[in-house]
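I have kept to what the coordinates give.

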Amino acid sequence: MTEKQIGKVSSYFSHVEVAAIKLSGSLKVGDKIRIKGHTTDFEIPVKSMQIERKDVKTAKKGDHIGIKVPDKVRPSDAVFLVK
């Protein structure tokens with residue numbers, strides 16, 4: 001399995017369990033990502049994502065996306081695409 005960094009967490013909204021991620025690569029629904037930081041390390045499939053509260057299937061470098069996460073994440077946690 002290979003991993004490539006495709007973004008960083010910019011914020012976390014605990015009431016809705018959503019991570020805001022600034023992308024430095026592209027991502028699509030169905031991809032698997034790993035979020036890793038000092039106290040964070042888990043993999044999840046991307047079931048859905050949003051840009052400006054609208055559902056999207058794909059996102060590209062420079063986009064700011066929101067995705068649901070099962071656990072707390074922190075600003076500057078790294079986001080990797082898992083292949």
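The points below go from the whole chain to single residues.

1. Basis of the note. This is a predicted model, in which local features need pLDDT of at least 70 and side-chain atom pairs count only at pLDDT 80 or more, while totals for chains, interfaces and linings use all residues. Residues are numbered from 1 along each chain as its sequence is written, and side-chain values use heavy atoms, with hydrogens and water left out.

2. Secondary structure and overall size. The chain has 0 helices and 10 strands, where helices (H or I, at least four residues) and strands (E, at least two) are DSSP runs numbered from the N terminus; in sequence order the pattern reads β-β-β-β-β-β-β-β-β-β. The radius of gyration is 11 Å, close to the 12 Å that the globule rule gives for 83 residues, so the chain is as compact as a globular protein of that length. That radius is taken over C-alpha atoms, and the rule is 2.2 Å times the number of residues to the power 0.38. Along the principal axes, the C-alpha atoms fill a box of roughly 30 × 30 × 20 Å.

3. Of the 83 residues, 39% count as buried, with buried meaning under 20% relative accessible area, exposed over 50%, and partly exposed in between (1.4 Å probe, protein chains only). Among contacts with a separation of 6 or more, 63% come from residues 24 or more positions apart, a contact being heavy atoms within 4.5 Å. The chain exposes about 5,300 Å², and carbon and sulfur atoms supply 53% of this area, as given by the Shrake-Rupley method with a 1.4 Å probe.

4. Charges. The chain carries 17 positive and 10 negative charges, whose mean positions are 4 Å apart. Lys and Arg count as positive and Asp and Glu as negative, whereas His and the chain ends are not counted; each charge is placed at NZ of Lys, CZ of Arg, CG of Asp or CD of Glu.

5. Strand β1, seen from I6 and E3. I6 is found in strand β1 and is buried, with a relative accessible area of 1%. Leaving out residues up to four places away in sequence, I6 touches a list of residues that includes K22, L23, S24, I33, V79 and F80; the C-alpha atoms of I6 and S24 are separated by 4.9 Å, although the two are 18 residues apart along the chain. E3 is also found in β1 (residues 3-13), but counts as partly exposed at 35% relative accessibility. The side chains of E3 and R34 are joined by a polar contact of 3.0 Å, a polar contact being a pair of N or O atoms within 3.5 Å, for which, within protein, one must be able to donate a hydrogen and the other to accept it, and residues adjacent in sequence count only if both atoms are side-chain atoms. Beyond its neighbours within four places in sequence, E3 is in contact with R34, E43, F80, L81 and V82.

6. Is D31 buried or exposed? D31 is buried, with a relative accessible area of 14%, and lies in the loop between β3 (27-28) and β4 (32-36). A polar atom of the D31 side chain lies 2.9 Å from the backbone nitrogen of K28. Apart from neighbours within four places in sequence, D31 is in contact with I44, P45, V46 and L81.

7. K60, in the loop between β8 (58-59) and β9, is exposed with a relative accessible area of 53%, yet K60 touches L23, G25 and S26, not counting residues up to four places away in sequence. S76 is found in the loop between β9 (64-68) and β10 (78-82) and, with the same exclusion of residues up to four places away, touches K8 and V9.
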